Amino acid sequence: MRFSRFVKARALVPAPALAVSLLLALPAAAQQAADTVAPETATPAAATTPEDALAAALPGLSPQALAALRSRASGQPVAAQRWMVSTAHPLAAEAGARVLREGGSAADAMIAVQAVLGLVEPQSSGLGGGAFLVWHDAATGAITTLDARETAPLAATPRHFLDDEGEPLAFWDAVVSGLSVGTPGTPMLLEEAHRRWGRMTWAGLFDDAITLAEGGFPVTPRLAGAIAGDAERLATFAATADYFLPGGIPLPVGALRTNPDYAETLRALARGGAQAFYRGEIAADIVAATRTETRPGLLALEDLARYRVIERPAVCAPYRAWEVCGMGPPSSGGVAVAQILGMLAPYDLPAMDPFDAQTRRLIGDATRLAFGDRGRYLADSDFVPVPVTGLTDPAYLAGRAALLTGDMALPEVTPGQPPWDHALRLGDDPGAGRPATTHVSIADTQGNVLSMTSTIESGFGARIMVRGFLLNNELTDFSFRTHDQGWPIANRVAPGKRPRSSMAPTIVRRDGAPVLAIGSPGGATIIPFTAQAIIAHLDWGMDVQAAVAMPHLVNPFGTWALEEGTEAEAMAETLAAQGRAVRVVALNSGLQAITLSGDGLQGGADPRREGIALGE
C-alpha cells in the first residue's frame, strides 16, 4: 500500500512518558503520595509501550478493552457491526459500551461516558465545563447541533481582563482565578440530550461513575504526568491541592483515588436533574468558590439559574462527494474546517503524496487563510453578526483557493471579504487557545451518530475544585483586548456572551448517511488536527486508526509546527525553503473517530492519549 511507510508511524505520547520519568526520578515522593491514597494499588511505571503502561495502571480492564489497546498499539482499527464508542479513557469507553450493549442510545452512552471522564480525566472536561454536540438522527436524517458553551457573568464588562491601566492581564494570572470561570453548560447538555434522544432511565446512566468515585479509580500515566507538570498551579487553592497533591505530593501512577464529593454531586443530578446543579446548594457552592482572594470572579446565582443550552444551525458544506457537518458560532471549528476543505477541493489531493512539500503547502496555507477569517469574523452570533453563509460560500472559497497557486507559501495572510447581508468592520484577534479538552464519538444500534467535544479549557481549568469537580477557565477564550486599531473585536467579553471556541465535532455524510464521526482536543490546533484526519480518510484512503495516528504538520498562524518523534520532522528543511518558519514540537491531539459503511463500523483512538474504541 502506498501509505504503509507512515500508517505504522507512532507519535510520541508526552504525558505518559513524563509521568514515567517523574516517578523514576522521584521514587520516594511518589511512594509517599501512593501511601497517602492507597498503597496497595501503586503500580510500577516501567512498561514497554504506552499501552502496556496504561494496562498496568488499570488492572481491572475488561478483555475487550485490553484487546482494543492491543489494536491501537498495532495500528489497527477496532471493527464492529452494531455499535461503537470511541473516547479518551478506557474506563469511560467501558461505561459507554455497557449502555450501548443494553440497548441505550448514543445520547445515553454519552452521558455515562462524560460522567466517568469528569472523574478519571478531570484535567480535560467535566461538570464544571461546557461542550458542543453534533447529532445525526437515524429516523429523520436530520443533523442537530447543541451549544452548551459557558457564558460570561451578567456582571462582566469588556474590560474583564484588563488591569487598572487598561492593559491585558498576563494569561496565567487570569486563568488561575475566579475571574476566568464562566457558567458551566455540560450538566444541562446531558439533560437536554437525554430529553431529545435518550432511551434509558436517566438516573442509571450515572451508576458507573458513582461506583468509580466511591470505590476509587486508578491514576493513569497521563493524569499523573499532568498533575506533576501543573503542581505549582494546582497548589493555589486548598481543595484542589488536597485532591491532586495529597500531603503536598502529586498523585502517582496506579494510586487509587476516591472522590466521594463527586459521587454525591452525581447522585444529586440523578435525583433532581440539571436543576439540582443550577439552583440550590451546588450552585451556591460554585459561586462561593469563584470568590477567590486574588482576582475574584463575577459569577452569580442568577447566571446559573438563567443558563440554557441552545440549538444552533449546523454548518454543513460539500467536500467532493461528501457533506461535512459541524458546529457553528460561537465555535469557529465548523466554519474553519469547512473553509479548509472547501479551498482544497479544487486540488487533486487523492493523487498527492501526504508528505510531499507541495501537498503540505496547500493544506498549510488553506489553514492560514481560514484562520485569518476566524480571527476577524468568528464569535458568538447572538452578540455580533457572523457571515457564516458567506464564509462557506463556494464562490468565496474558490476565490480564496486561487491564492494557493504557485510553489511558495503565502508571504502573508489577511482576512477575506465574504458576502454579507450588511456592512460591518471588525478588528482582528487570532486567539490561539490551549491544548486541553476531550472528544467522544458514538454510533448506536439504531443508527444514530454523535460527535461531541467537551472541555474545561486549559488543563485543570481555573484550578478551582468544588463538590468534586473542577471549574472551567473558559472566559480566557475571549479576547483580552476590546479593540484592534480602533475597530471592535468580535470576540470581546460581554455579559451573557459565549467565548469563541475552536472545538470541531464533525459528522461526515454521503448521500445523507453518516460515514465518519470525528473530533479532537488541542486548542486552536483542533481545527487542523480534525481537517487532516478527514483528508487522510476521505482522500488518502486511510482506515480510521491510521488517520488519527498520522503525524501532524500544522500551520494556523504562519509558522509550521511539526510533530516531534515522527516522520513529520523530516520535512523541516523543505517546508522552510518555501518561506515559512518551522519548529518541531509535541502536538498532543486526542482524535476519537468512527467510520460507518455497509461493511460495519470501525473505531480509531489517538495513540497520543489514553483512549480506545469499543464495539460489538
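1. Basis. This is a predicted model, in which local features need pLDDT of at least 70 and side-chain atom pairs count only at pLDDT 80 or more, while totals for chains, interfaces and linings use all residues. Residues are numbered from 1 along each chain as its sequence is written, and side-chain values use heavy atoms, with hydrogens and water left out.

2. The sheet. Strands (E, at least two residues) and helices (H or I, at least four) are DSSP runs, numbered from the N terminus. Two strands pair if DSSP finds at least two bridges between them. Seven strands form an open, antiparallel sheet in the order S1-S22-S21-S17-S16-S9-S8. Its edge strands, S1 (78-80) and S8 (315-319), each pair on one side only. From one strand to the next the twist averages 20°; angles run from 0 to 180 degrees between N-to-C directions, with axes fitted as lines to C-alpha atoms, for helices over the stretch in contact.

3. Inside the sheet. S17 (residues 513-518) and S21 (residues 592-597) run antiparallel and are joined by two bridges. Ala517 has Ile594 in S21 as its bridge partner.

4. The helix on the sheet. Helix H22 (residues 526-538) packs on the sheet and touches S8, S9 (322-326), S16 (506-510), S17 and S21; contact means heavy atoms within 4.5 Å. The direction of H22 makes about 135° with that of S17. Buried means under 20% relative accessible area, exposed over 50%, and partly exposed in between (1.4 Å probe, protein chains only). Twelve of the 13 residues of H22 are buried, so the helix is largely enclosed by the rest of the structure. Among them are Ile526, Phe529, Gln532 and Leu538.

5. The disulfide. A disulfide is counted when a pair of cysteine sulfur atoms lies within 2.5 Å. The count comes to one: Cys316 with Cys325, their sulfur atoms 2.1 Å apart. The torsion about their S-S bond is about 115°, so the disulfide is right-handed. Cys316 is partly exposed at 34% relative accessible area, whereas Cys325 is buried at 1%.

6. Strand S3. Seven of the seven residues of S3 (residues 130-136) are buried, so this strand is largely enclosed by the rest of the structure. Gly130, Phe132, Val134 and His136 point one way, and Ala131, Leu133 and Trp135 the other. S3 pairs with S11 (residues 449-455) in the antiparallel sense over seven bridges, with Trp135 opposite Leu450.

7. The hairpin. S3 and S4 (residues 143-148) run antiparallel, joined by six bridges. Six residues lie between these strands in the hairpin, where Gly141 takes a positive phi near 75°.
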